[in-house]
Amino acid sequence: MAVWAVHTINGISFGMLLFLLAAGLSLIYGLMKILNLTHGSYYLLAGYIGLSVVRATGSFFLAILAATVAVALLGAAMERFFLRRFHLDELAQTLLTFGFLFMFADLALWIWGGNPQTLPKPAWLSGSVEVGDRVVPLYRFFLIAVGLAVGAFLWWFQEGTRVGAMLRAGVDDEETARALGINVSLLFTLVFALGAFLAALGGVLGGPLLGIYPGADFEVLLLAFVVVIVGGLGSLKGALIGGVLVGLLDNFGKAFFPELAMFTIFVPMAVILAVRPTGLFGRE
Amino acid sequence: MKLVAAAAVLAVLIALPFGLSEYYVSLATRMIILALFAMSLDLLLGYAGLASLGHAAFFGVSAYATALLVLRAEWNPWLSLVAGVALAALTGAVYGLLALRARGTYFLMITLALAQVLWGIAFGWRTMTGGDDGLPNVPRPDVVADTVRFYYFTVLIVGLGALVLFRIVRSPFGYALRGIRESETRMLALGYDAWLYKYLAFVLASAFAGLAGSLYAYYNKFVGIDYLHVVRSAEALLMVILGGAGTLVGPALGAALIVILENVISAYTQRWLLVLGAIYVVVTLLAPRGLVGLVLEKWPRSK
Amino acid sequence: MAALEVSRLAKRYGGVDAVVDVSLTLGQGERRVLIGPNGAGKTTLFHCIAGAQIATSGSVKLFGADITRLPPYARARAGLARTFQITNLFANLSVTENVLLAVAAAQDIGPAMLRPMRAYRSLYDRAAQLLADWGLAERASRTVRHLSYGEQRQLELALATAGSPKLLLLDEPTAGLSAAETARVVSMIHALPRDITLLMIEHDMDVAFELADRITVLHQGRIVAEGDREAIKADAQVAEIYLGVE
């Protein structure tokens, strides 16, 4: 019984990390129709930056702040100076973000080296919680809490604000938006930065759990893709439910069928594609 | 005119080993194999208009199958080659069913995800694939074991493959693919079952990619997870874009260019990936239709 | 047998009833024009007949064959052809290549991979004939992107008629054309063989009245009037709809 509970908690906490990534990806796509492949890099860079900050200052909080702000700015710069030029040219935008993915991967390798690292948890989150006869790191509950908090914020943002309404309406209403006085260019940059911020948050928070290492960007990108394929690209609900689903499947899969780890990702993806290609909550 | 050019190219290819050292013959071999890989992707991207980020899946599946059959099951290397291609085509048949359920961005994501899954399987299944150590000592077929003979063998096989591809793109099927690329709704309204054409293109492209993969396995005498990695897919995509999608010739040239670049850059620095990414960015910013596109703009074809 | 029989067709999406209980019957060779103010449901009805959308309920029969749920390409094979309101051509291919694709479909060539297109002489002959019929022979090797708008509309018609369709659906064929170009297209439509049945959406009332045998008026998803030119001109309700909308 406790074993199931532990796996469930692990799965959901991992799922929350995936949610952060998928939400960022979905947000950017939903408004700008850009598939941001650099998303994996944002995760990785944030992890490394957070690591450096923790090593320099000892503060986990500062690490989160520095990493997320830095990466958000990076994202804003990318959008402003590169992606904007190819407005509505999907392939060009995809290729650009693809190019940046490789550049950042190599830069990270260059700067931080090839050894896998872990971000040290702050003392107050290093404890454990007893679940039956098992023990679960407190950190995992922290992740779940953060995930839910971010989810709630994003939900409010999407449903309760004018900007959110714009996001929901999507790119087609650009003309109307401009007519309403919304600065669409600024909005695009801000939303892109927000997406990057979320990926970065995932990167720093994921550091203690999953480690930071070359290749994490590609692995995390794959998982984010699976989540949006399952949950539906452009849907916040999809990102959350998809994230939790994939997190649970991944955890239970690794626990019970360790050699078939990849299949636990492949199968839900294949099933969704066969049955409902736009994802559980996707539109189109 | 085109026939003259083709004959000239063939002449150069045949004469090559007489003028160059083994190192360069080997390099040329690599260029030619990857040219096939790039051309197979061009069928998908340049002709059918399907941008795939996971083409390495078929390259790698065929390579691994061929290597495993030769090493573990001690099959005849020719049969292993054919079996590899068959498996790549089968993978394409399955992946095509899944990926073509979606279009545009979703399609892109799915192709990447599907290829990454294979990479993950290869990485994790150490007992079968050797994990990140890979499969060393893959023996070439005896009769083409040395560098020069293998080179001619490659020229022959890739040449034949290229001929078939050229045939395909000039056929009604090839025309239809271009129509689908230009306007799928129009094609549907005319009575074409667009899905079927895209699917056939997908499977064909995967078969040719597989052929390239197995050739590469014999060329390298080694198969590793880099065969399946997204970087491999990215290089192929860049070759197509750099050379000019939708021309077959362009991607082949793009392949040669990328191989040369990689060779030169890797001699000075380990930062090939950084350069690759930078090239992507620069090419997208400057020349979206690729080098062949630039050439065509100056000398427009009349039909 | 009716060329086209639409029976109690309804289309609902996103909570909106775009088309409600529409029935119409076209005899073979008839020229029917659909008119109505914006948002009347003409396009939706058109799409349900063409296959771009599937009706929520009701049926569509083409010469007795039920095509209600068929995908667009299956309807094309059954003898239905359409043009697009926003020009939908193969922009980066040449005019000849555009027509070849239409003709290859009509002659059921299928995904043939082994012989080059050039080997199919009959396709080229038919294509040349079509281009001549539609006045595009001079433009044969031009890339479609470089054609004038009027020429592109002509090509649209050429593609749609390539397969000698039984039913031709024309979506605002004169939209965006100059007076001269409009006249040209109208005469081309007039010149279409009488065994082709025509269903058109038109906003230009003069064109509608000139081409139509019968006119169907749609308003808010329903048919409010149907009849020949005189009947519609005299219809008070129709006048009100148009005057009211103005």
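Strands here are DSSP runs of E at least two residues long, numbered from the N terminus. By that rule, Met200(C) is found in strand β8 of chain C. The model is predicted.

Met200(C) has 25 other C-beta atoms within 10 Å. A residue counts as buried if 20 or more lie within that distance, so Met200(C) is buried. Leaving aside residues up to four places away in sequence, Met200(C) touches Val33(C), Leu34(C), Leu170(C), Pro173(C) and Leu211(C). Val33(C) is 167 residues away from Met200(C) along the chain, but the C-alpha atoms of the two are separated by 4.7 Å.

**The sheet of chain C**

An open sheet of 6 strands runs in the order β6-β7-β8-β3-β9-β10 in chain C, with mixed pairing. The edges are taken by β6 (80-82) and β10 (222-227) of chain C; each has a single partner strand, so one side of each is left without a neighbour in the sheet. On average, and with direction ignored, neighbouring strands of this sheet are turned by 20 degrees against each other.

The partner of β6(C) is strand β7 (residues 167-171) of chain C, and the two pair in the parallel sense over 3 bridges. Within β7(C), Leu169(C) is the bridge partner of Arg82(C).

Helix α1 (residues 42-50) of chain C lies across β3 (31-35), β6, β7, β8 (197-201) and β9 (214-219) of that chain. The helix runs at about 150 degrees to β7(C).

**Contacts between chains**

There are 2 pairs of chains in contact, and chains A and B share the most contacts. Chain A and chain C are joined by no contact; their closest C-alpha atoms lie 12 Å apart.

Between chains B and C, 25 residues of chain B are in contact with 31 residues of chain C. On the chain B side, the elements that give two or more residues are α7 (147-170), α8 (172-182), α9 (184-190) and α10 (194-220) of chain B. The largest share, 7 residues, comes from α8(B). The table gives the make-up of this side by class.

| Class, side of chain B that touches chain C | Count |
|---|---|
| Nonpolar | 12 residues |
| Polar | 6 residues |

Technical notes
Residues numbered from 1 in each chain as written. Chains lettered and ligands numbered in written order. Predicted model: local features only at pLDDT ≥ 70, side-chain atom pairs only at ≥ 80, totals over all residues. Contact = placed C-beta atoms within 7 Å. Helix = DSSP H or I, 4+ residues; strand = E, 2+ residues; numbered from the N terminus. Nonpolar A, V, L, I, M, F, W, Y, C, P; charged D, E, K, R; others polar. Pairing = 2+ DSSP bridges. Axes fitted to C-alpha atoms, helices over the stretch in contact; angles between N-to-C directions. Buried ≥ 20, exposed ≤ 12 C-beta atoms within 10 Å, placed from the backbone.
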